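Subject: Structure handover

Hello,

Here is the structure for your set. My notes on it follow below the entry.

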Amino acid sequence: MATLHILSHSPFTDGRLGSCLRLLGPQDALLLTGDAVYALQPGSPPRQALELMPDLIALYALAEDLEARAIRDLPTRLQVLDYPAFVDLCCHYDKVNSWL
């Protein structure tokens, strides 16, 4: 069963990103929102961990959060979403897991 995992907390404050990455299956996807987009900072350990994810696992981030935090130089595999696309994405997966 494919799951969309949603992270919203900074990867520099706790271990949620690492825990999530260990649980991702080949049909799953990861959506970064809020302060979780800091994981995309070039050269950072969280960015390196994301770049090691298998290609089958989709990686998404909300455009508004990337802009608000001035995150640039994004990975080529990253798909940037607006809010309507976020809603569509949630409907696409069998389960949605928010890492609160």
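Cys-20 is buried, because its relative accessible area is 0%. Please keep in mind that this is a predicted model. The closest cysteine sulfur to that of Cys-20 belongs to Cys-90, and at 14 Å it is too far away for a bond. Cys-90 is in no disulfide either: its nearest cysteine sulfur is in Cys-91, at 6.8 Å. A disulfide needs two cysteine sulfur atoms within 2.5 Å. Cys-90 has a relative accessibility of 23%, so it counts as partly exposed. How many disulfides does a search of the whole structure find? The count is zero.

On the fold: the chain contains four helices and five strands. Read from the N terminus, the order of elements is β-α-β-α-β-α-β-α-β. Strand E1 covers residues 3–7, and Thr-3 lies in it. Is Thr-3 buried or exposed? Its relative accessibility is 8%, so Thr-3 counts as buried. Leaving aside residues up to four places away in sequence, Thr-3 touches Asp-28, Ala-29, Tyr-93, Lys-95 and Asn-97.

Contacts across the chain can be split by separation in sequence. Of those between residues at least 6 apart, 69% join residues that are at least 24 apart.

Overall dimensions come next. The C-alpha trace spans about 30 × 30 × 25 Å along its principal axes. For 100 residues, a compact globule would have a radius of gyration near 13 Å; the chain has 12 Å, so the two agree. Of the 100 residues in the chain, 45% are buried.

Last, surface and charge. The accessible surface of the chain is about 5,500 Å², and carbon and sulfur atoms account for 54% of that area. Among the side chains, 7 are positive and 12 are negative. The centres of these two sets lie 7 Å apart.

Regards

Key: Residues numbered from 1 in each chain as written. Predicted model: local features only at pLDDT ≥ 70, side-chain atom pairs only at ≥ 80, totals over all residues. Heavy atoms only, no water. Helix = DSSP H or I, 4+ residues; strand = E, 2+ residues; numbered from the N terminus. Buried < 20%, exposed > 50% of the residue type's maximum accessible area, 1.4 Å probe, protein only. Contact = heavy atoms within 4.5 Å. Rg over C-alpha atoms; globule rule 2.2 N^0.38 Å. Areas by Shrake-Rupley, 256 points an atom, 1.4 Å probe, with all protein chains shown as cover. Lys, Arg positive; Asp, Glu negative; His and termini not counted. Charge placed at Lys NZ, Arg CZ, Asp CG, Glu CD.
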